[in-house]
Amino acid sequence: LNNLRNILSKSKLKTNKINTNSSIYKPFKFGKETFHPQSFDEDSFVMHYKMEKGGMVPMHYHAHVDEYFIILKGEMKFKVNGKTIIKKAGEEIMVP
């Protein structure tokens with residue numbers, strides 16, 4: 001988690017800016033979601049993720065990765081281990 005925070009602190013995600021100069025990864029849209037990969041290394045993958053109002057992701061599970069979110073704007077509802085958690089702008093959540 002500390003390594004991920006170090007990566008994020010160096011990224012443009014904290015300032016709500018997206019790296020649009022990336023020549024390796026381009027943003028892609030899937031329904032009401034937009035994914036814009038920012039950087040990666042052997043331990044992590046950083047992506048700016050935007051969901052339009054009314055969008056949702058079906059319940060799912062990643063067997064080999066955890067997801068760490070920093071909410072930049074608005075709010076998101078997560079369901080973790082059967083519990084509903086709402087996070088607002090400026091808040092963080094680690095989803096195992």
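# Briefing: strands, core and salt bridge of a predicted chain

K79 stands opposite T84 in strand β6. This is a predicted model, in which local features need pLDDT of at least 70 and side-chain atom pairs count only at pLDDT 80 or more, whereas totals for chains, interfaces and linings use all residues. Residues are numbered from 1 along each chain as its sequence is written, and side-chain values use heavy atoms, with hydrogens and water left out.

**Overall composition**

- Read from the N terminus, the elements follow the order α-β-β-β-β-β-β-β.
- Of the 96 residues of the chain, 24% count as buried; buried means under 20% relative accessible area, exposed means over 50%, and partly exposed lies in between (1.4 Å probe, protein chains only).
- The chain exposes about 7500 Å², of which carbon and sulfur atoms supply 54%; accessible areas come from the Shrake-Rupley method with a 1.4 Å probe, and for residues only the protein chains shown count as cover.
- Among contacts with a separation of 6 or more, 33% are between residues 24 or more positions apart, a contact being heavy atoms within 4.5 Å.

**The sheet of β1, β2 and β3**

- Three strands form an open sheet in the order β1-β2-β3, with antiparallel pairing; two strands pair if DSSP finds at least two bridges between them.
- Strands β1 and β3 are the edges of this sheet, each pairing on one side only.
- Neighbouring strands of the sheet are turned by 30° against each other on average, direction ignored; the axes are lines fitted to C-alpha atoms (for helices over the stretch in contact), and angles run from 0 to 180 degrees between N-to-C directions.
- Strand β2 (residues 33–40) is joined to β3 by seven bridges, and the two run antiparallel.
- P37 stands opposite M47 in β3.
- K50 belongs to strand β3 and is exposed, with a relative accessible area of 52%.

**Salt bridge**

- The structure holds one salt bridge, defined as a side-chain nitrogen of Lys or Arg within 4 Å of a carboxyl oxygen of Asp or Glu.
- The partners are E52 and K29, whose closest N and O atoms are 2.2 Å apart.
- This pair links distant parts of the chain, 23 residues apart: E52 lies in the loop between β3 (45–51) and β4 (67–70), and K29 lies in strand β1 (residues 28–30).
- E52 is partly exposed, with a relative accessible area of 35%.

- β5 and strand β6 (residues 83–88) pair in the antiparallel sense over six bridges.
- In general, strands of a sheet pair through backbone hydrogen bonds, either parallel or antiparallel.
- The hairpin has two residues between its strands, and N81 takes a positive phi near 50° there.
- N81 has this positive phi although it is not a glycine.
- N81 lies in the loop between β5 and β6 and counts as exposed at 76% relative accessibility.

- The largest nonpolar core has six residues in all: F69, I71, F78, V80, I93 and V95. Such a core is a set of buried Ala, Val, Leu, Ile, Met, Phe, Trp, Tyr and Cys residues joined through side-chain atoms within 4.5 Å.
- The elements giving two or more residues to this core are β5 (75–80) and β7 (92–95).
- F78, in strand β5, is buried with a relative accessible area of 9%.
- Leaving aside neighbours within four places in sequence, F78 is in contact with F69, I71, K83, T84, I85, K87, I93 and V95.
- F78 and V95 are 17 residues apart in sequence and 8.6 Å apart in space, C-alpha to C-alpha.
- F69 touches F78, E91, E92, I93 and V95 when residues up to four places away in sequence are not counted.
- In a regular strand the side chains alternate between the two faces of the sheet.
- β7 has a covered face, formed by I93 and V95, and an uncovered one, formed by E92 and M94.
- Four bridges pair β4 with β7 in the antiparallel sense, and E67 stands opposite V95 in β7.
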